[in-house]
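Subject: Structure handover and findings

Hello,

Here is the structure for your files. Please open it alongside this note. My findings follow below.

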Amino acid sequence: NMLHCRVELKRLVEAFSEIVGSSLPEMHDLQNFAENQSGWRQLDGWLEMDDLAILKTLAGNAVPSGSLLIATDLSYSDGLGVFEVDARQLDAFVSSYLSNFGECFFNGDVIICSTSQKAFWMFHHEGATLTWVAPIAT
C-alpha cells in the first residue's frame, strides 16, 4: 500500500513544534499545548459517522494540504511511529484504514500536522475536535 510510509514519532513532535513556534520536546508537551487552546468543538453524532465523514467535519474550511504527519492510536501501540501521507491521498488513506489496520482511523486521539500550512487538526477520543492554524506573521 503506497498511500503512506511510517516515520518516527519524534518527527511529528518536531513538526508540531515548528508549526506552533515553540519547542515542545515530548508528546505530552504537545498534548498539553493542544488541550489549552480555545476552539475545541464537540462533534455531535460522531459515533454514528464513518471515518471519512469525521475527517470532512474535522477539516472544515482549513483542508489539509502538502505532506502530512498523522498520529493515530496505532502510532503508539505498534511502535512503528506516525504516518506520512500526501494530502492528496488523505481521503483514500482514511477510507482504507479500517481494512488495512483492523481498526477505525478515529479509534482514539488523532493528530494531523501540515508544516507547509503551519496547521494541525486534532480529534479527541471523546469526540472533540480542534483546528489550529498559525497566525499570519505581520
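Contact here means heavy atoms within 4.5 Å. By that rule, and not counting residues up to four places away in sequence, Thr-115 touches Ala-15, Glu-18, Ile-19 and Ser-67.

Two notes on the source. This is a predicted model, in which local features need pLDDT of at least 70, side-chain atom pairs count only at pLDDT 80 or more, and totals for chains, interfaces and linings use all residues. Residues are numbered from 1 along each chain as its sequence is written, and side-chain values use heavy atoms, with hydrogens and water left out.

The β5–β6 loop

Helices (H or I, at least four residues) and strands (E, at least two) are DSSP runs, numbered from the N terminus. Thr-115 sits in the loop between β5 and β6. For accessibility, buried means under 20% relative accessible area, exposed over 50%, and partly exposed in between (1.4 Å probe, protein chains only). Thr-115 has a relative accessible area of 31%, so it is partly exposed. Its C-alpha atom is 15 Å from that of Leu-90, 25 residues apart along the chain.

Gln-117 belongs to the loop between β5 and β6. At 24% relative accessible area, Gln-117 is partly exposed. Leaving aside neighbours within four places in sequence, Gln-117 is in contact with Val-63, Pro-64, Ser-65 and Val-133. Asn-107 is 10 residues from Gln-117 along the chain, and their C-alpha atoms are separated by 25 Å.

Lys-118 also has its place in the loop between β5 and β6. Its phi is positive, near 50 degrees, in a residue other than glycine. Its relative accessibility is 35%, so Lys-118 counts as partly exposed.

Helix α1

Helix α1 covers residues 9–20, which is 12 residues. The expected span of a helix is 1.5 Å times one less than its number of residues. Buried residues in α1 are Leu-12, Val-13, Ala-15, Phe-16, Ser-17, Ile-19 and Val-20. They pack against α2 (27–35), β3 (67–71), β4 (82–86), β5 (110–114), β6 (119–123) and β7 (128–133). Gly-21 follows α1, with a positive phi near 75 degrees.

Helices α3 and α5

Axes are lines fitted to C-alpha atoms, for helices over the stretch in contact, and angles run from 0 to 180 degrees between N-to-C directions. Helix α3 (residues 51–59) packs on helix α5 (residues 90–101) at about 140 degrees, with the axes 8 Å apart. That makes α3 oblique to α5. The cut-offs are under 35 degrees for roughly parallel, over 145 for roughly antiparallel, 65 to 115 for roughly perpendicular, and oblique for the rest. From α3, the contact uses Asp-51, Leu-52, Leu-55 and Lys-56; from α5, Leu-90, Asp-91, Val-94 and Ser-95.

Aromatic pairs

Rings of Phe, Tyr and Trp (its six-membered ring) pair if their centres lie within 6.5 Å; planes under 30 degrees apart count as stacked, over 60 as edge-to-face and the rest as tilted. The count comes to 14 aromatic pairs. In one, Phe-93 and Tyr-97 have ring centres 5.7 Å apart and planes at 80 degrees, so the pair is edge-to-face. These two are four residues apart in helix α5, about one helical turn. Both Phe-93 and Tyr-97 are buried. One aromatic cluster is formed by Trp-46, Phe-83, Phe-93, Tyr-97, Phe-101, Phe-105, Phe-106 and Phe-123.

Best wishes
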